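Please open the model in a viewer and keep the selection panel at hand.

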Amino acid sequence: MTNYKNPWWKNSVIYQIYPRSFQDSNGDGIGDIRGIINRLDYLEDLGIDAVWLSPVCKSPQDDNGYDISDYQDIDPMFGTLADMEELIRRAGERGIRIIMDLVLNHTSDEHPWFLEAKKSRDNPYHDYYVWRDGTEGELPNDLRACFGGPAWQWVPELGQYYFHQFSVKQPDLNWENPRVRREIYDMILWWMDRGIGGFRLDVIDQIAKEPDLGITNNGPRLHEFIRELSRETFQKGDLITVGEAWGATPELARRYSNPDGSEFSMVFQFEHIGLDQQEGGSKWDLAPLPFQKLKDVLDKWQTELWGCGWNSLFWDNHDLPRIVSRWGDDGQYRVESAKMLAILLHGMQGTPYIYQGEELGMTNVRYEIGGYKDIETLNLYKERRELGYAHEEIMKSIYARSRDNARTPMQWDDSPQAGFTEGTPWLKVNPNYPEINAAGQMKDPQSIYSCYKQLVRLRKEHPVFVDGRFELLARESGQIFAYTRDDGKQRLLVVCNFSGEPADSGLAEEWKSMELLLGNYPDSQGDRLRPYEARMYLQKCRQQERV
């Protein structure tokens, strides 16, 4: 059972794998579970404690596996259930737990439940989904799907619409139906019996939708459903559970991640991720990053969850562009800015997540529109062309925001296809792989990989990373992001120049009596920080009482 006072995941670092793009083992150009098994030595060397796998369950792959047709089987493109069980076992031998990505808000329209649901209104599975009576062409309301188009799909043989918040092939489950919830709980317990280490719950804040009222997330019964889910499943094992909640506030996050374990271990919240877009616009409507607001948002989440909740720390994931291209400098200062962003994030309170390739400083890509595979990207291009946007303007947004930026194959070495496959990769490899790859960086003590490896180790060695209270420094600076963490025994100081120009930190007195733990330049001295310079200092054996 979970130790809620000192759970294992608080001083752990989690590595996210997008299986399709991590390592191909059979030459078909698609990453697979056997490929992950073959790379376990790499993950062990990095020092991470758990691997979060993006979906590997059986799926038609309309949305890259987030449209599940069988929760209790593995998609053949990734391997077999036996492969999955072997991965769990062999990772466990290295002290690495496997976290599954579960999509509980919706299924594929090819799931047996939905195939039955469409047969008749009297079918026992019909009420597993969300239906509304209507007339063809007259939608129940004007709700839009996240991937474009209306959120309602007409089924002529039933004379009804079904509700889908994402692709038309992803009908929403009806969590109001207790039989749906029981089916889900039994499936989760089945995976727990197979030794799974935890679950990441995709768009979990949308399960209590009220479409007639226009409510798609944070519905009135949300926390009731989550507490029941936790009680019936997660609390019966020593798991890590992560709720993805795009609409979370610190107040909501305190409920999601209550230290009593009644809901989840932690929450994925995205307030910082939406800062560099035009107000009132979508993620495709680009705007400069408001640095002061970034500091304020991260400060808020650090201070308002302290002692009463737990956060996930991340810059990248399978849905987001590469952070070094987004908020760093993927040209002249790629190495320095990638390390700075890592040091800044890993010194904070919460569980850090490293998305595959982030530890190498992998960058965004620029394909012709025909080179993209992501359904969201292709729909965006089609919709905006129909609205009269210029091709060049749309492509600028795609270069910056397409989910395919994160999904290019992992860059292992400088051999053909970056060592990812011996075949033709499902998505083109980023052309910069000869310069940016794991083989080169693992041998270099000054590489981005080596910096991440040190950060993983430091988190395990110093309790202040877990328990220290956060205090933002240099709040008004337009270049410096600095903070301290203090647990009464140790004091951590992180100072970062978040710009490509030199900057005076004004904090030399702060670190004068401290030990330099880590810096992103070979030598770190003086108050003036070089472009994207970051330093992490530690002061030990302090006996003062916590204020």
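The stops below cover pockets, a cavity and pairs of packed helices.

This is a predicted model, in which local features need pLDDT of at least 70 and side-chain atom pairs count only at pLDDT 80 or more, while totals for chains, interfaces and linings use all residues. Residues are numbered from 1 along each chain as its sequence is written, and side-chain values use heavy atoms, with hydrogens and water left out.

**Stop 1: the largest pocket**

Select Cys146, Trp246, Ser282, Lys283 and Glu376, which lie nearest the centre of the largest pocket among its 41 lining residues. A pocket here is an open set of points, on a 1 Å grid over the protein atoms alone, with protein on both sides within 12 Å along at least five of seven lines; lining residues have an atom within 4 Å of a point. The space in this pocket amounts to about 1200 Å³, a volume being the space filled by probe spheres set on the points, with grid points joined across faces, edges and corners.

Next, select helix H11 (residues 375–386), which gives the most to this lining, with 5 residues. Helices (H or I, at least four residues) and strands (E, at least two) are DSSP runs numbered from the N terminus. The lining of the largest pocket comprises 15 nonpolar, 13 polar and 13 charged residues. In this classification Ala, Val, Leu, Ile, Met, Phe, Trp, Tyr, Cys and Pro count as nonpolar, Asp, Glu, Lys and Arg as charged, and the others, Gly among them, as polar.

**Stop 2**

Axes are lines fitted to C-alpha atoms, for helices over the stretch in contact, and angles run from 0 to 180 degrees between N-to-C directions.

H11 passes H12 in a right-handed crossing, that is, with the near helix turned clockwise from the far one by less than a right angle. Display Thr377, Leu380, Tyr381, Arg384 and Arg385 of H11 with His391, Ile394, Met395, Ser397 and Ile398 of H12, which make the contact (heavy atoms within 4.5 Å). This contact has 5 nonpolar, 3 polar and 2 charged residues.

**Stop 3: the second largest pocket**

Which helix gives the most to the lining of the second largest pocket? H12 does, with 4 residues. The volume of this pocket is about 370 Å³. Select Ser325, Arg326, Asn364, Tyr399 and Ala400, the closest to its centre of the 17 residues that line it. Helix H9 (323–326) and helix H12 (391–401) each supply at least two lining residues. The lining of the second largest pocket has 9 nonpolar, 2 polar and 6 charged residues.

**Stop 4: H10 and H14**

Select helix H10 (residues 334–346) and helix H14 (residues 448–461), whose axes come within 9 Å and cross at roughly 10 degrees. H10 and H14 are therefore roughly parallel to each other, and their crossing is right-handed. Show Arg334, Val335, Ala338, Lys339, Ala342, Ile343 and His346 of H10 against Ile448, Cys451, Tyr452, Leu455 and Arg459 of H14, which form the contact. By class, this contact has 8 nonpolar, 1 polar and 3 charged residues.

**Stop 5: the second largest cavity**

The structure holds 5 cavities of 30 Å³ or more, a cavity being a set of points where a 1.4 Å probe fits but cannot get out. The cavity holds about 80 Å³ of space, and its lining has 6 nonpolar, 5 polar and no charged residues.

Notes:
Parallel < 35°, antiparallel > 145°, perpendicular 65-115°, else oblique.
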